[in-house]
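I am opening my notebook for a friendly walk through a structure. Have it on screen and look things up along with me.

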Amino acid sequence: MSNTAVTTFEPSLVLWEERVPGGTHWSGVLRRGNALRVADIGGGANVSMLFYNYEDKLERYNMADTLKGQHTVYLTKGHVCYSDMGRVLCSISEDTCGWHDTISGVSNASQVRRKYGQARYQEHRNGYYRNGFDSLVNELGKYGLGKRDLVANLNLFSKVSMDDDGNMRFQEGNSSAGDVIDLRFEMNTLVVLSTCQHPLDKGSKYDPKDIDLTVWRSGTAGVEDPCRNACAENQRAFINTERLFA
Amino acid sequence: MSPELTESRLAVEDAAFREVVAAGEPFMKQLEKGQVFRILDLEGNQAVDTLFYSARDMQERYDANTTIREQGNIYLTTGSILRSNEGKPMLTIVADTCGRHDTLGGACSAESNAVRYALEKRHMHSCRDSFLMALAEWDNGLSKRDLPSNINFFMNVPVTPEGELTFEDGISEAGRYVEMRAEMEVIVLISNCPQLNNPCNAYNPTPVEVLVWES
């Protein structure tokens with residue numbers, strides 16, 4: 001198993017834990033110096049996620065700057081998530097999964113209906129079929145944000161790779177039971193997420209997976225930190241971040 | 001890969017609108033449904049950062065993720081449907097003599113230049129500055145909030161099967177063009193890229209021409 005060597009932390013540092021059921025949505029504020037562990041409990045989870053500077057929500061995660069700065073199309077341990085203002089919202093201090101998708105966006109209502117059929121609240125109560133777009137818009141609305149703010153998102157635990165001609169391929173079984181990713185927040189960050197299935201998930205069954213969230217006092221990236229020193233671009237983005245909090 | 005190239009049957013002398021966009025300048029124009037819009041790379045290897053908004057509902061705009069996911073490919077060329085965040089077709093590429101256009105590289109900004117090249121590069125002109133000035137002049141309530149990830153016409157950003165992403169020398173040349181038909185009323189917003197720090201403009205930004213034909 002890839003996830004046996006996961007780093008541990010003192011239980012006394014844990015601030016809170018919460019289970020987020022599959023197909024639902026969540027939002028919250030993660031403070032600078034705290035880390036969020038997202039755990040794929042049973043394997044095959046997908047977490048569509050976005051980050052905003054909590055003090056100035058006009059500043060948000062930027063897919064293109066994140067990819068260009070680190071010359072990568074996916075995220076894993078050692079990478080950071082850039083804002084559109086050249087700062088580090090969070091750094092990935094641990095990852096047992098290996099590939100988190102950055103380019104595929106979220107599912108929407110018509111796509112979910114086409115793939116999985118219809119299950120309405122009226123008949124299914126809270127088992128009704130949800131989709132990533134509406135879920136994220138729902139959470140964004142709680143902070144005065146909306147569709148205009150739903151920018152290119154992460155899909156944790158999902159892998160979409162490209163062949164030499166650019167054709168996209170969804171990798172089944174990318175994430176195993178117990179896989180985790182740690183997001184160490186370098187800024188006070190609004191996190192919004194949906195646990196709906198990945199939009200390119202090949203399965204024909206509506207079967208979104210539960211995740212666990214654990215937050216602990218991790219501290220920020222130190223001078224020797226591998227995320228900070230992964231490349232000169234990251235070093236400069238950390239300087240910009242530290243100037244904001246100087 | 002050697003992309004398929006598709007030439008247009010439209011004659012330049014029949015165009016209803018022609019305008020040269022100088023290097024480092026923005027351009028904004030409404031297109032009616034059915035109109036055909038061409039961007040012509042006049043001197044070669046010039047990145048053209050481009051966004052589209054629905055003229056009827058500015059909250060509906062070009063969406064990179066939806067566009068590439070629906071076609072199952074990260075590059076744009078003839079036949080590509082440029083889709084909105086609502087999943088609707090906004091424009092269809094109907095001719096392309098370059099062969100491949102970028103969807104992932106986004107726009108340069110003062111802040112991203114500072115991170116990518118050196119903190120002192122913050123003061124160089126950038127695409128986001130051009131976008132912001134165009135939105136300010138248009139005065140329609142749009143701001144940085146309304147700048148999603150854009151298309152880079154003529155720009156070459158290959159991704160390897162292992163997930164490495166790089167900026168390479170352009171594959172466009174003088175006289176190459178991309179042409180698209182509007183499937184709804186759209187506002188096109190262009191920044192003719194002023195980037196001097198990487199090969200996306202061959203280190204020498206140059207003018208492009210935009211042309212429009214009636215349906």
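**Entry 1: overall build**

I began with the radius of gyration, which is taken over C-alpha atoms, and with the globule rule, which is 2.2 Å times the number of residues to the power 0.38. With 215 residues, a compact globule would come out near 17 Å, and chain B agrees at 16 Å.

Before going on, I noted that this is a predicted model, in which local features need pLDDT of at least 70, side-chain atom pairs count only at pLDDT 80 or more, and totals for chains, interfaces and linings use all residues. Residues are numbered from 1 along each chain as its sequence is written, while chains are lettered from A and ligands numbered from 1 in the order in which they are written.

I then looked up helices (DSSP runs of H or I, at least four residues) and strands (runs of E, at least two), both numbered from the N terminus. Chain A has five helices and 14 strands. Its radius of gyration is 17 Å, close to the 18 Å from the globule rule for 246 residues, so chain A is as compact as a globular protein of that length. Along the principal axes, the C-alpha atoms of chain A fill a box of roughly 55 × 40 × 40 Å.

Chain B has three helices and 10 strands. I read its pattern along the sequence as β-β-β-β-α-β-β-α-α-β-β-β-β. The box for the C-alpha atoms of chain B is roughly 45 × 45 × 35 Å along the principal axes.

**Entry 2: burial and contacts**

I call a residue buried if 20 or more other C-beta atoms lie within 10 Å of its own, exposed if 12 or fewer, and partly exposed in between, with C-beta atoms placed from the backbone. By that count, 53% of the 246 residues of chain A are buried, and for chain B the figure is 50% of 215 residues.

Two residues are in contact if their C-beta atoms, placed from the backbone, lie within 7 Å. In chain A, 78% of the contacts with a separation of 6 or more join residues 24 or more positions apart. In chain B, 77% of the contacts between residues at least 6 apart join residues at least 24 apart.

**Entry 3: sheets of chain B**

Strands of a sheet pair through backbone hydrogen bonds, either parallel or antiparallel. I count two strands as paired if DSSP finds at least two bridges between them.

I found an open, antiparallel sheet of six strands in chain B, ordered β1-β10-β3-β8-β6-β5. Its edge strands, each pairing on one side only, are β1 (17–21) and β5 (81–83) of chain B. Strand β1(B) pairs with β10 (residues 208–213) of chain B over five antiparallel bridges, and there B:Glu19 stands opposite B:Val210.

Another open, antiparallel sheet of chain B has four strands in the order β2-β9-β4-β7. Its edges are β2 (26–31) and β7 (151–153) of chain B. Inside this sheet, β4 (residues 48–54) and β9 (residues 186–192) of chain B pair in the antiparallel sense over seven bridges, with B:Val48 opposite B:Asn192. Helix α3 (residues 127–138) of chain B packs on this sheet and touches β2, β4 and β9 of chain B.

**Entry 4: where the chains meet**

How many residues of chain B are in contact with chain A? I noted 35, in contact with 42 residues of chain A. Helices α1 (64–71) and α2 (110–116) of chain B each supply at least two residues of that side of chain B.

**Entry 5: a helix and a loop in chain A**

Helix α5 (residues 232–244) of chain A has 13 residues. Its buried residues include A:Phe238 and A:Thr241. They pack against α1 (63–70), β6 (80–82) and β7 (88–95) of chain A, together with α2 of chain B.

Last, I looked at A:Asn62, in the loop between β4 (47–53) and α1 of chain A. Is A:Asn62 buried or exposed? It is buried, because 28 other C-beta atoms lie within 10 Å. A:Asn62 and A:Ser83 are 21 residues apart in sequence but 5.2 Å apart in space, C-alpha to C-alpha. Beyond its neighbours within four places in sequence, A:Asn62 is in contact with A:Tyr82, A:Ser83, A:Asp84 and B:Gly106.

Notes: The expected span of a helix is 1.5 Å times one less than its number of residues. Axes are lines fitted to C-alpha atoms, for helices over the stretch in contact, and angles run from 0 to 180 degrees between N-to-C directions.
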